[in-house]
Amino acid sequence: MPIYFLKRVLGLIPLFIGITFISFLVIHLAPGSPVDAKGEFNPKMTLQAREKLRELYGLDRPLLEQYGQWTKKIIRFDFGNSFVDGEKVTSKIGKAVPVTLSISVLTLLCVLAAGIGLGVFGAVHEGSRTDRWLTFLALAGFSVPTFWISLLLMNAFGVQLRLLPVSGLYSVNFDDLNAWEKAVDIARHLVLPVAVASITGVAGISRYMRNSLLNELKQDYVRTARAKGLPEKRVLYHHALKNALLPIVTILGLSVPGLLGGSVIFESIFSIPGMGRLFFNSVFARDYPVIMGILVLGAFLTLLGNLLADLTYSVVDPRIRLK
Amino acid sequence: MKRDCLLAVGWLAALSAAAVLAPFLLTNKSGAVDFSHLLEAPSRFHWFGTDALGRDLFARILVATSISLTVAWVAVILSVFLGVVIGAVAGYFGGGWDRSLMAFVNIMLCFPVFFLILSVIAVLGPNIFNVMVIIGATSWMGTARLVRAEVLSLKEREFVLAARALGASHARIIFRHLVPNAMGPVIVNAVLGLAAAVLVESGLSFLGIGVQPPTPSWGNLLSDGKGVLGVAWWLTFFPGVMIFLTILSANTLGEALQSKNDS
Amino acid sequence: MGFVFIVCSGFLSADPADPEPGDMFVTSSIGEPVNLIPFFASDSASSEISRLIFNGLVKYDKDLKIVGDLAESFEVKDGGMKIIFHLRKNVHWQDGAPFTAADVEFTFQKLRDPNTPTPYGGDFEKVESLKVLDDSTLEVNYKEPFSPGLASWGMGIIPKHLLEKEDLMKTSFSRRPVGTGPYLLKKWKTGERLELRANRDYFEGRPFIERTIYRIIPDQATTFLELETENLDSAGLTPLQFKRQTDTSFFKDHYTKYRTPSFGYTYIGYNSEHPLFGDRKVRKAIGLAINKQEIADVTLLGLGQVATGPFLPSSWAYNSDVKPSPFDPALARQWLSEAGWTDADGDGFLDKEGRKFSFTLLTNLGNEQRKMACEIIQRRLREIGIDVKIQVIEWGTFLREFIDKKKYEAVLLAWNLSYDPDIFDIFHSSKTRPGEFNFVSYKNEEVDGLLAEGRRLFKEEARAPVYRRIHRIISDDEPYTFLTVPDSLLVLHRRFRGPELAPSGIGYNFIKWFVPKDEQKYKVRLEE
């Protein structure tokens, strides 16, 4: 087992180098450079000033050399400073991660609660009118373009009804509030973003849940349990549901890297300073160190997720190890 | 379920018909700029209202339908093609092919799709052709994994071994025997991919890097309308509804096909 | 000077209420400010906020005259070869340290330092030397007379005692600046907001509005929704928002709308090195085929005017004798055929030696009015047989791939001008290298000479004829087809007293704005 583990981890290293190298290549080959994005279209930005910037960032050196430099620093966990404002890349990402993460986790909880609920209901009442309607609604939620539904809800709840704040994470006078008011303030700001993000996610989970539970209910052990005369509730919740939840857990595992991804569109509409916007702005500003930082984080999480999944399987099913 | 499916198929068929017929339904005049009718609400003359340049929204949506559907179809066909070929080669030949191709799939999955799209658009410039290619080129990985798994399980079956014993070429075995048998889930994936492609196109338009003006697409009509939400609800409503119904139909159809496959 | 100013919703009458300190002013920015150090602040958010925190030696007053700021007074001597600044005494940095001439010297050294990549360095190249005469007197000597020089001392002065040992490109000062200005930065939450507090020791007196908040709202639709819920006190508007969306009783009750001429114009720039546009006749014909009034009417909804040349109607350099070129498609067609472009193959498009008249018009991403203008132009040119393709491209790519390499045919863009009419960088033939701003490669010897002359003259009366002549020639040569001068459009919450329209806009007396006690919306603790 330790050898298998070691082999798997070592196998990730070339993959990791491949990913970072391709990223490095792609962003440096893309036209435009941090220098242009910085000067905007300023008639006073002289050519010499731009050349100065290029030298400062080391952009005048060959690409391979730049990659070598970058790798050397990464090994010491030094991601460098942003070209845009000189802030440390780690601190920039460090600020965006909690924001995106908390919204993703809240969303995930909502999606799970609603999705599992809907799925179980659907499986139990398979084919009923309510089942069909709920399936339809979940699917409808999945089918709406995010920014359209966001604007509609912001307009309805924010502007027309004045029930919820339109955008942002806090009110402008947040610092003057007491602890309780602060909590309420944040909660109110989170309602719409989390709702919108959840609406699009419920369909997937509820479908998996429904199918998985339906599948379990056809198994022999359920038939046996029923034959034994166990109450239906017990059969359902004690036996079948437990097993039916397993695939859901797998899906959760796979969604871990996604939790940090964030979505530009969603974050732009709601003015949320999360990972999606950080990444989008960095790409547009050609802020190479930040782009690389985020890609490395993403790649790391994805590879970690895959590794964990593999290892779990190998624990469950020793045959995989032998291959 | 059956009725839902019929409705979905009906909607998609109607759209396709509209898309094909659009050039015949529209005259030169329809959809033309008309500064005396800026931002007019839906009426007898302009069923869906007019936009900020006085163009008839109904005519624009009709054109957009054929644009958006073309984008989605081309993207999906490209994605299926790439996915099938890469998945089949990896699964059939195994060994080094399998390892390197699957490593490639894994690398592709590590990048945020948006990063790939933005980089490619930055290099090639945003136009309708690039949008189709990019959506296609960044969405084939799921299909590839699926096909590989199917091929892996099929390739040791008797009918394949028999074909091989009879001296059939690799290409023949892959495309005559393996791929057709793996098509079920691929088609489901493609139908769901159609929905996804429509969504991605509208997202790109929101970010301003989608189909270029003045060519209308559902996505850029919708995002053009968001700036005037308060004065001209129709500019977001109708494109929004088109996108919504289309994705809903594609998803309904996809699910129905999937449950048919499973049983 | 001929300024026309209109307040749309009636003037605010002089209010009897006494100025009261307190309340907050909440506004928004589409993008995050990049760097608050004045000479790196090149985006609009950074420079706007930086101006609240720092002062220059001079500034423009409400009538766009140069007056002293940190300098109490100044003398321009020896025909412009020498400027002497007398600094204010008893000015303190926001950390309490005294402001002296050494800070100005330090700022100047940093501006001239080859390791400081500032977009504003060019203004200071003509300076021969800067001498500190005593703690509050400075002498600046120029290599040659350079009239834009005085205004360039509006550059924010940075504190020597805090930055002496810092690397300006990496210092944390850019996010925690200390200036001499009316507001100090209290908090900067990336991607969310910047919070500024009134500087109680400000040398012109403590500002009444206690806090100024910049919220970062990346989407324009969201910005407008925030305005509709009164969560923003002020925002720039698009013409459509100004005309239609804010024409409701809610907006009339809660906001005042302001409309002022802006300092920019939109234009089509032709790459004169491209075979299509080397011919002046072709450029002029395209200009004739475009109905500029129509563009102003449709994209700006009439909130702006037609541009006639490189200067704006609000400037003294503007030549009011130059009329916009008429809309005359017939004449355009005639000129094109004289230049060899006819529809020989009868396909509806002009052609010459078998080549169809077709070009791509580029514009930048994120400006709805420009995109609309492109579509209108495309349609008008189609009518005279020219095929135009439109491409909307994001900035980084736009500059690097198309402008710098001159790999474009025509662009639709806008210039924002400074108050000084010096446009040497944009039209002088020495400024056509990659990355410079005469990217249309305009060359005219007379204009070159006039541009150089304009920089050597100081008196407005002497400079005006020079620039008016430049206006005339550039209009005639049409390296650009000048399109529109959009007005800048703004709403402001009604509870603020004190804003007044002036040639420089409404913000010039911001520190005198206040909200009467009983109308204050946010109860904030006053810092002492």
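**Note on the chain interfaces, cores and salt bridges**

1. Across the boundary of chain C and chain A, the rule picks out 9 residue pairs in polar contact, both residues at pLDDT 80 or more. A polar contact here is a pair of N or O atoms within 3.5 Å; within protein, one must be able to donate a hydrogen and the other to accept it, and residues adjacent in sequence count only if both atoms are side-chain atoms.

2. Before going on, a word on the ground rules. This is a predicted model, where local features need pLDDT of at least 70, side-chain atom pairs count only at pLDDT 80 or more, and totals for chains, interfaces and linings use all residues; side-chain values use heavy atoms, with hydrogens and water left out. Residues are numbered from 1 along each chain as its sequence is written, while chains are lettered from A and ligands numbered from 1 in the order in which they are written.

3. Back to C and A. In terms of contact (heavy atoms within 4.5 Å), 60 residues of chain C meet 50 residues of chain A. The two chains bury about 4800 Å² between them, with 57% of it on carbon and sulfur atoms; buried area means the accessible area (1.4 Å probe) that two parts lose on being put together, summed over both. If you want residues to look at, C:Leu225, C:Arg400 and C:Phe437 supply 12% of the area that chain C buries against chain A, more than any other three residues.

4. Charged pairs on that boundary: there are 3 salt bridges between chain C and chain A, a salt bridge being a side-chain nitrogen of Lys or Arg within 4 Å of a carboxyl oxygen of Asp or Glu. A:Glu87 pairs this way with C:Arg175, the closest N and O atoms being 3.7 Å apart. Element names follow DSSP runs numbered from the N terminus: helices are H or I with at least four residues, strands E with at least two.

5. A:Asp176 and C:Arg211 also form a salt bridge, with the closest N and O atoms 3.2 Å apart. The pair crosses between chains, from the loop between α7 (146-160) and α8 (179-199) of chain A to strand β11 of chain C. A:Asp176 is partly exposed at 36% relative accessibility, whereas C:Arg211 is buried at 3%. The classes are: buried under 20% relative accessible area, exposed over 50%, partly exposed in between (1.4 Å probe, protein chains only).

6. C:Arg215 sits in the same strand story: it lies in β11 (residues 209-216) of chain C and is buried, with a relative accessible area of 9%. Its side chain makes a polar contact with the side chain of C:Glu226 (3.0 Å). Beyond four places away in sequence, C:Arg215 touches residues of both chains, including A:Ser167, A:Val172, C:Glu192 and C:Asn231.

7. Within chain C, the side chains of C:Glu204 and C:Lys59 meet in a salt bridge (3.6 Å, N to O). C:Glu204 is in the loop between β10 and β11 and C:Lys59 in strand β3 (residues 58-60), so the pair ties together parts 145 residues apart in sequence. C:Glu204 is partly exposed, at 31%. Shared partners link A:Asp176, C:Arg193, C:Glu195, C:Arg197 and C:Arg211 into one network of salt bridges.

8. The boundary of chains A and B takes 36 residues from chain A and 34 residues from chain B. The area buried there is about 3200 Å², of which carbon and sulfur atoms give 81%. The rule finds 1 salt bridge across it, and B:Glu255 forms a salt bridge with A:Arg207 at 2.7 Å between the closest N and O atoms. On chain A's side, α6(A) gives the largest share, 7 residues.

9. Last, the nonpolar cores, meaning sets of buried Ala, Val, Leu, Ile, Met, Phe, Trp, Tyr and Cys residues joined through side-chain atoms within 4.5 Å. The largest has 239 residues, and C:Leu57, C:Phe85, C:Trp153 and C:Phe359 touch the most other members. Helix α2 (residues 57-93) of chain B contributes the largest share of this core, 15 residues. Apart from it lies another core of 41 residues, among them C:Leu64 and C:Ile470.
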